[in-house]
Amino acid sequence: MPELPEVETMVRGLRPALEGMLIRDIQVLDPFLLEGCTTADIERQGRGAKVARVDRRGKWVVIHLDRGRGLIVIQPRMTGGFWLVTPERQDHVRLTFLIDGPRDTIWFCDTRRLGKIAWYPDEKAASVAFGKSHGPDALEITQEDLFARLSKTTRAIKPTLMDQKVLAGIGNIYADEVLFRSRIHPTRPATTITAEEVARLHAAIGSILREAILAEGSSFDAGYRTVLGLEGGFLATNAMYGRGGQPCPECGKAVEKTRIAGLVGRPTHFCANCQPLTPPKPSRKKSQKA
Ligand SMILES: [Zn+2]
């Protein structure tokens, strides 16, 4: 947390407040979050720059400055978030943008200080840095590429989907939802997922993430909020995450809440009936005989 839909929601919230606006000043309040750059780099490049655009890459928020001023990249990681309204906790503010625009201040807050703030001189440098630790964005990966990447590992499918080097953007909540929608058991070895199942999985990744973006993400504790301090609505209507013991929306059997290897401290929710560990064999032969 936040995962792709939460970061996309942050980006969509930031765009009207930042794009095309002049940054009057930028203040790094907690240099602990800086990665590969100094407070002076960020403040010098940001001060007086115009924001060309704001976009997302995996779980990164990318702020493109105009006229060769480079890119400021902010990774909210576990507890980071942007505020267009005065943040609840001033002591958690790590970076402040002072803007010539309808909103004169934008705050980046991070409770546990696990987020990262970086600066790159150009798009290419940012792409290289991203590529070192990330696979393709979960909304951009092709079905063929997903199949090829899954066929390379015998790890369970759920932690594989959450591995940012395989594809970028999916975490614990959306992995549970995607696997339920594609009817795949979370501990199936990734190499055993058939081409037909990858087709379902690929479609489910796109549809679940888009639905979650429309709902402005998932809030379940004091963590993620939109830039206006509101909760995301996805967990009001989702199928699996946080619903252990409740009836499966497909078959009515109780949703299981369990822990699986490779995911320390994070629960897994699934329906043992809809997502059997040994899926039924395709019935092609039978129907050919009939
Ligand atoms: Zn079910």
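**The whole chain.** Start with secondary structure: the chain holds 8 helices and 10 strands. Its radius of gyration is 21 Å, close to the 19 Å that the globule rule gives for 290 residues, so the chain is as compact as a globular protein of that length. Keep in mind that this is a predicted model. Along the principal axes, the C-alpha trace spans about 75 × 35 × 30 Å. Colour by accessibility next: buried residues make up 51% of the 290 residues. Among contacts between residues at least 6 apart in sequence, 64% join residues at least 24 apart.

**First stop: the sheet with β2.** Select β2, β3, β4 and β8. These 4 strands form an open sheet in the order β2-β3-β4-β8, with antiparallel pairing. Look at the edges. β2 (51-57) and β8 (116-120) each have a single partner strand, so one side of each is left without a neighbour in the sheet. Neighbouring strands here are turned by 20° against each other on average, direction ignored.

Zoom in on residues 60-65, strand β3, which pairs with β2 in the antiparallel sense over 6 bridges. Pick V51; opposite this residue, in β3, stands L65.

Select β1, β6, β7 and β5. Here, too, is an open sheet of 4 strands with antiparallel pairing, in the order β1-β6-β7-β5. Which strands stand at the edges? They are β1 (22-28) and β5 (80-83); each has a single partner strand, so one side of each lacks a neighbour in the sheet. On average, neighbouring strands are turned by 15° against each other, direction ignored.

Show residues 105-110. This is β7, joined to β5 by 4 bridges and running antiparallel to β5. Click G81 to find its bridge partner in β7, C109. Keep α1 on screen: α1 packs on this sheet, touching β5, β6 (93-100) and β7, at about 35° to the direction of β5.

**Last stop: the zinc ion.** Centre on the metal. What coordinates the zinc ion? The SG atoms of C248, C251, C271 and C274 do, at 2.2 to 2.4 Å. Along the chain, these donors follow the spacing C-x2-C-x19-C-x2-C. The 4 donor atoms subtend angles of 100 to 114° around the zinc ion, which makes the arrangement tetrahedral. For comparison, the ideal angle for four tetrahedral donors is 109.5 degrees. Finish on C271 and C274: both are buried.

Methods
Residues numbered from 1 in each chain as written. Predicted model: local features only at pLDDT ≥ 70, side-chain atom pairs only at ≥ 80, totals over all residues. Heavy atoms only, no water. Pairing = 2+ DSSP bridges. Helix = DSSP H or I, 4+ residues; strand = E, 2+ residues; numbered from the N terminus. Axes fitted to C-alpha atoms, helices over the stretch in contact; angles between N-to-C directions. Donors = N, O, S within 2.8 Å, 3.2 Å for Na, K, Ca; no water. Tetrahedral: all angles 85-135°; square planar, octahedral: opposite > 155°, others 65-115°. Buried < 20%, exposed > 50% of the residue type's maximum accessible area, 1.4 Å probe, protein only. Rg over C-alpha atoms; globule rule 2.2 N^0.38 Å. Contact = heavy atoms within 4.5 Å.
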